[in-house]
Amino acid sequence: MKTLIQNGTLVTASETFTSDILIEDEKIARIGLNLEAHPDHRVDASGKLILPGGIDPHVHLDLKMFDTVSSDDHYTGHKAAAFGGTTTAMDFVALEDKGFDYSVDVWMKMAEKAAIDYSFHMNLTRFDEKIAKEIPSLMKMGVQTLKVFTAYNGRLRLDDGSIFKALQIARDNGMLVMAHCENGDVIETLTAQALAEGRASPIWHALTRPAWGAVESTLRMAAMAEQADAPVYIVHMNAGGEVDMLQYAREHGIKVMGETCPQYLFFTLEHLARPDGAKWICSPPMRTEADNARLWEGLTQNILQTIGTDHCPFFYNGTRPIVHEGNEIAIPGKELGRDDFTKIPNGLPGIQDRMPILWTHGVNAGYITPNQFVAYTSTNPAKIFGLYPKKGALLPGSDADVVIWDPQKKIKYGVAQSHQRTDYNLYEGWDLQGYPEKVFLRGRMIVDGDEWKGRRGDGKFLKRGEGEIL
Ligand code: URP
Ligand code: ZN
Ligand code: ZN
């Protein structure tokens, strides 16, 4: 099967040029002007941009949390991702008592209904000699990334000594440690004090997780990485001070990389103070306008490396069913913590929103160039996580994950346009210009305007190799 996309403007992480692109079966076969081919299908892309499919390095589908589960599964979340231009998503495997093999298997089973390509990171939430010995076996499973937490005491957190040993093991095996940076001890203390004083509304979620905890923890992780001579990737960077630390550490030659997420670029503590503030509860929390501005600066100046979503949606009111893709559904959500912020499931929707929101409010607004947009949302994640140039590239031989992007398309965005399975959207009513028109996954069109052409089970598990340090 050959598809010829003609006269589009290709946008890569480093170049912008007019070209045809020939897809043969699952791969990009040729790129060039006026390609001679005898395609089965032709697509006229005049006036449109051609981007490599988005790669979301940070999602949580089907994640159990606080007596409920994140409301998108590996099919609904993938479908939503595709409508937003994303063709690869990376999820985090919860480490079960039965070990790595068993835990990866649980996630493999849940992902059998995948609609886009996917890959896994392992949450390293326990550490002992046995686990230490078994970590390299993850590489054989195609999982070369370990997420560690400096917060969530007694649940997910590892002590610094264990994190340091994990960094050494990662170094010796070509793996990468990803770090959730907050100060668990400070959070536990402030949370207990707030609850004892009856301060239980959503804003207290943010006030008990101060930015300085994220800032010092980011520097601590970078310092440990340097001492272990290992790379580290800081997830969901949210505070301006973290950008400062990232810049400082990188200027000192430390192999540290940073990811931010759209929510930290647009929202602040004030959103948590609203009557519906629970919608914005995630960890780490929203900060201030100065933090938003410094994160944008981090993107403009290429201090940061990627933009993920941390997509971990919950219903705002999980007692009231919604009609999603023709079916009535209700899943317990943020209402679980109506009287106590510590019981509100942590996480936000965003897997579909990421690329359209960043195009309008990042590229059109002048913070990042179209090439930086491609770098942050596709090429850099592919390189860091060992998928490049199979993914994240418009090159002969790459998977034909291709987005035809209409830079003129105007849309008033919100829950009605989103396929994310929840009852609210953080960007409700936002005016957007620039939106995916057609999306191809390995040469097959899976989104055509408003029409879904993807299929449950068509997404493939991607075994990853060693990544690059950017
Ligand atoms: O609130 C969030 N971000 N939930 C997902 C888990 C995490 O720490 O990334
Ligand atoms: Zn995290
Ligand atoms: Zn996360």
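Contact here means heavy atoms within 4.5 Å. With that in hand: among contacts in the protein between residues at least 6 apart in sequence, 75% join residues at least 24 apart. This is a predicted model, where local features need pLDDT of at least 70, side-chain atom pairs count only at pLDDT 80 or more, and totals for chains, interfaces and linings use all residues. Residues are numbered from 1 along each chain as its sequence is written, chains are lettered from A and ligands numbered from 1 in the order in which they are written, and side-chain values use heavy atoms, with hydrogens and water left out.

**Overall build**
- The protein has 14 helices and 21 strands, taken as DSSP runs (helices H or I, at least four residues; strands E, at least two) and numbered from the N terminus.
- Its radius of gyration, over C-alpha atoms, is 21 Å, close to the 23 Å that the globule rule (2.2 Å times the number of residues to the power 0.38) gives for 470 residues, so the protein is as compact as a globular protein of that length.
- Of the 470 residues, 62% count as buried (under 20% relative accessible area; exposed is over 50%, partly exposed in between; 1.4 Å probe, protein chains only).

**Zinc site**
- Lys147 (NZ), His180 (ND1) and His236 (NE2) coordinate the zinc ion (ligand 2) at 2.1 to 2.2 Å.
- Lys147 sits in strand β11 (residues 145-149) and His180 in strand β12 (residues 176-180), so this pair ties together parts that are 33 residues apart in sequence.
- Donors are N, O and S atoms within 2.8 Å of the metal (3.2 Å for Na, K and Ca), and water is not among the atoms, so sites may look incomplete.
- Along the chain, the donors of ligand 2 follow the spacing K-x32-H-x55-H.
- Lys147 and His180 are both buried.
- The zinc ion (ligand 2) and the zinc ion (ligand 3) are separated by 3.9 Å.

**Helices α13 and α14**
- Arg354, Met355, Leu358, Trp359 and Val363 in α13 meet Pro370, Phe373, Tyr376 and Thr377 in α14.

- Most residues other than glycine have a negative phi, and most peptide bonds are trans.
- Ser283 and Pro284 are joined by a cis peptide bond, with omega about -5°; Pro284 lies in the loop between α11 (269-272) and α12 (289-300).
- Tyr388 to Pro389 is also cis, with omega near 5°.
- Asn7, in strand β1 (residues 2-11), has a positive phi near 65°.
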